[in-house]
Amino acid sequence: MTLPELPAETTSFIGRTVELARIATVLDTTRLVTLTGPGGVGKTRTAVRAAHRMRDRFDNGVSLVPLSALSDPELLANTVASALHLPEQSALPAADVLAAYLADKRMLLVLDTCEHLVDACAMLCDQLLRSAPDLHIIATSRQPLDVPGEQILPVPPLSVPAGPGEPGAVKGKGAGEDCDALRLFTDRASAAAPGFEVTDDNRADVLSLCRRLDGIPLAIELAVSRLRTLSVEAMLGRLDHRFRLLTGGRRTTVARHQTLRTTIEWSHELSTPEERSLWARLSVFAGEFRLEAAEAVCSDEEDLAEWEVLDALIGLVEKSVVLKVETEEGDRYRMLDTIREFGQEKLAEAGHVAEQHVRKRHVAYFLDECGRFDAEWLTDGQTAWMRRIAHDQANMRAALEHCVATPALACEGLRMATRLWGYWHCAGLLTEGRYWLRRTLDTCAQPCPERVKALWLSSWYMDLQGERGDNWPLLDEAEALARRLGDDAGLAWTLAFRHHTRYFRGLTDGVADGFDDARRRMGEAGDETALMMSGFFVGFFHIMTGATGEGVSLCDDSLRRIEGNPAEGWSRGWALWVKSVGLWLKGDHQHSVETAREGIRIKDALRDVMGIAHFLEGFAWHAAELRHFERVAALQGAADGLWRRASKEPRFGIPILHELHQHAADLARETLGAGAYHEAFSEGTALTMDAAVRLALTENGAAPEVPPQRRGPAEGLTPRERQVAALVAQGLTNREIAEKLVVSKRTVDSHVEHILAKLGFSARSQIAAMHDEEPPGPSEPSEGTRA
C-alpha cells in the first residue's frame, strides 16, 4: 500500500528555521509533538514542511490527515484510516484496525486541526502510540491534547522588529529589517501586485503594517491581496482606525487572535456586497467545492443571482479569502478554517431562516450529486465518479449530519446514504456506510423503497465484514416492507441477500432455489443491474458447492451484461475473480490465471484492497503448481497483510478457499522448511499494495525457485540471503537492493546482518570477495521469478 503524498507547496515557505529544528530534535526523544498557536499563525504549513524534511526517517512513510472538515468525532478513526488508504471492510472498530496496522510500522502521522475534536484526538493518539512503538505524530491544534508524553511546541508569529514606541511588535531571531514577516510580505506582493517592490521609501510603512498585523502570516497575506487597490500607507490608515474602534485606542491590548479577527473583518468590509453574501454562504461547505456547487448552493434571487456567483468568487480568490485548488477533475476551491468560521458567524447573523435555507440547498445539491453517481456508478464513468465523490466526501458527511439533525430532512439523508452504496463498497468504507445507514434508518421511519434498500444493504455489508448474527431482523423488516409497498425490485434484492446470508452462515439447503426465485423476480422487475450483480455472487455460491460449470456461466452472463460499459471495473473485477476460482476448480488452470491477471489489474486501478487480496491467493495456488515456493509464501504473506486490514476473517471464512490456501502453504513449507517459508511470508506481508500486484503479475519461469544446496562459504545461507549477497557483491546499496527485490529496506538490512553473522564477516566487502570465490553452481533466482 502506497501512502498518499504530502501536499505540494504552492507558495514559497518563509522562515520557521528555529521551529523546524526544534520539531526535528524533539521527535528524536518523544513521539507526539503538538504545534499550538492561534488561527492563521502557520501551524499547518510548519507541520507539513517538517514532515517533508523528515520523511527519510520513516521507512513506512509520512501521511497528512486533514481534520478541519470533520465534525463528527465518531468518524475520527475512520478518517485517519481513509487517509492511510486502509479499507473499512473489517467489522472491528476503526481505531483497533488502525492500531493493528500501525503496530509494526515506523511512520509519521500529521493530524492537522485537532482543536474541535480535541478529546477524540487525545484518546486516539494515546491508543495508537501505546500500540505502535515506532509511530510518531505531529498534531496541530489551538490547544494541547493533554496526552501522556506530549511535547507542546508553540508556533509564534513571524519575526518583525519593534518600532519606535510600539511594544506590541514581535521580536526574535531574524527580527531585523530583513525579518521573516517582511520577506513574506515581499514574496506574496510580487505575485499579488506585479511591479510592487519594497524600497527605501516604503520599507518603514511595510514594517509598520507587519507590526500592526502582529506578524501573523494569514493576516499579512490578506493585507497583501489589497495592494492592487490600496497603497501600503492607505492600508495602515484603515487598520489603525479599525484597531482604535475595537480597543478604544489602546493598541497594546489587542491579543493576537483579535489582530487576525480584526484583519478578517477589515477584509470583509472592503468586499463588495455580493462577495460578503457569498463568503457567508460558502461557509456551509466542508472541504473543497466546485464552481457549479457554489452557484447552486449560494445563489439567491434577491441579492446574489447565479450569474453573479462567479464574479464574486473571483473577487474572494483575489482577496485570498478563498483558495483555488487544482485537481485532476479541474479547479476546486476551499476556505481556510479561520475564514470559514468567520463566514459561519455572518451566516448565523443573517437569521435562522436564511441559514437553514442555504443549508437545505447544500443538502439538495449533494443529494442530486449522489443520485447522479448512483445512476452512473456501473458505467464507463465509474472511475471519474469515484474521484469526484472522494473529493466531496467531507461535504457528503456535512450534508448527512445536517439531515440527521433536522427532522424535516431525515429521509433526504436516508436517500443520500443508500445512493452512496457503490462508493462505500468500492472505497472500502463499509463501516462508515453502515454508520450512516444506521443513523438515517433511525431518524427516517417513513415506509419507502429507500428504507428497504438501506436494510438489505446493511445486511450485505455485515456479511462482507464477517458479522453474521443480527442480519435476520433487518431482512425480515425489509421483506415485510417491500411486500407492503409493492416494491418488486426491493423484494427481489432482499430475498437474494437473505439466501446470501444463509450461505455465509454455512447453510445451503434451499439456497440454490431461493437464488433462482430472486433472479426471476429481478428479471420481471426489469432490474438489469440486479441481474448483472447477482450473476457473480450467485455464481460464487454454485462454484463453492460444486456446480462450477453453472457458476462460471453465471459469471459470463454478468460479463456480457457489462459489455456496453467496457471501462466499468468494480463489478467486472468481481465477476472475473469468481470466474477465475471456478476455472481453477474445474482444472483449467491456465485460463484461470489469465482471467486473474485481467481482474487484478482492474482491481488495482480501483485500489480495491479486498479484491486484490482475493486475487493474490489465486496467484499463490499457481505458484505452488509451478513449485515456485518462495513466491507462494510471499504472495500468501502479501494477501495476509491485506486481509488483516480488510476483513474480520480472511477468504470470507469459506472452507474451500481455506483448503486451497492451506494446500499451497503446506507444499511450500515442506520444500522450504518452516523458517524459510516464514521469512518469505514476512517479506510478502511487508510489501506495499503496488509491489504485491507487481509480484502477482510477474511472469513465472519454468524452473523451481528453490535451488539445490551448494557447497562453499555460502552453504548456510537461505536462498533469499544468497540472492541478497549476490546483489551486495554487485555493489548495490541496501536501498537499491530493496527496490530491485520489491521489499522494504529494513528487510534488506536484516538480511545483510544475518549474512554477516552467519559467515563471521564484519564488512560488506567480505561478502563480495566470498561471492567471487564461490564455485560455479545453479543460478540464483532472478528478479522476475521472485519479485
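**Cysteines and confidence in a predicted model**

The sulfur of Cys370 lies 9.7 Å from the closest cysteine sulfur, which belongs to Cys403, and this is too far for a bond. Cys370 is also buried, with a relative accessible area of 0%.

A disulfide is a covalent bond between the sulfur atoms of two cysteines. Here the bond links distant parts of the chain, 33 residues apart, since Cys411 belongs to helix H18 while Cys444 lies in the loop between helix H20 (430–443) and helix H21 (449–464). The link of Cys411 and Cys444 is right-handed, with 90° about the S-S bond, and both of these cysteines are buried.

Another cysteine to consider is Cys448, whose closest cysteine sulfur is the one in Cys444, at 4.9 Å. Because a disulfide requires sulfur atoms within 2.5 Å, that distance is too far for a bond. Cys448 counts as buried, at 5% relative accessibility.

The mean pLDDT of the chain is 86, and 88% of its residues reach 70 or more. Among the elements of the chain, helix H18 (residues 410–419) has the highest mean pLDDT, 97, whereas helix H38 (residues 783–786) has the lowest, 31. Over residues 775–787 the pLDDT is below 50, although this stretch has 33 contacts in the model beyond near neighbours in sequence. Residues 245–254 also stay under 50, and for them the model has 16 contacts beyond four places in sequence.

Notes:
Residues are numbered from 1 along each chain as its sequence is written. This is a predicted model: local features need pLDDT of at least 70, side-chain atom pairs count only at pLDDT 80 or more; totals for chains, interfaces and linings use all residues. Side-chain values use heavy atoms; hydrogens and water are left out. pLDDT is the predictor's confidence in each residue, from 0 to 100. Helices (H or I, at least four residues) and strands (E, at least two) are DSSP runs, numbered from the N terminus. Contact means heavy atoms within 4.5 Å. Buried means under 20% relative accessible area, exposed over 50%, partly exposed in between (1.4 Å probe, protein chains only).
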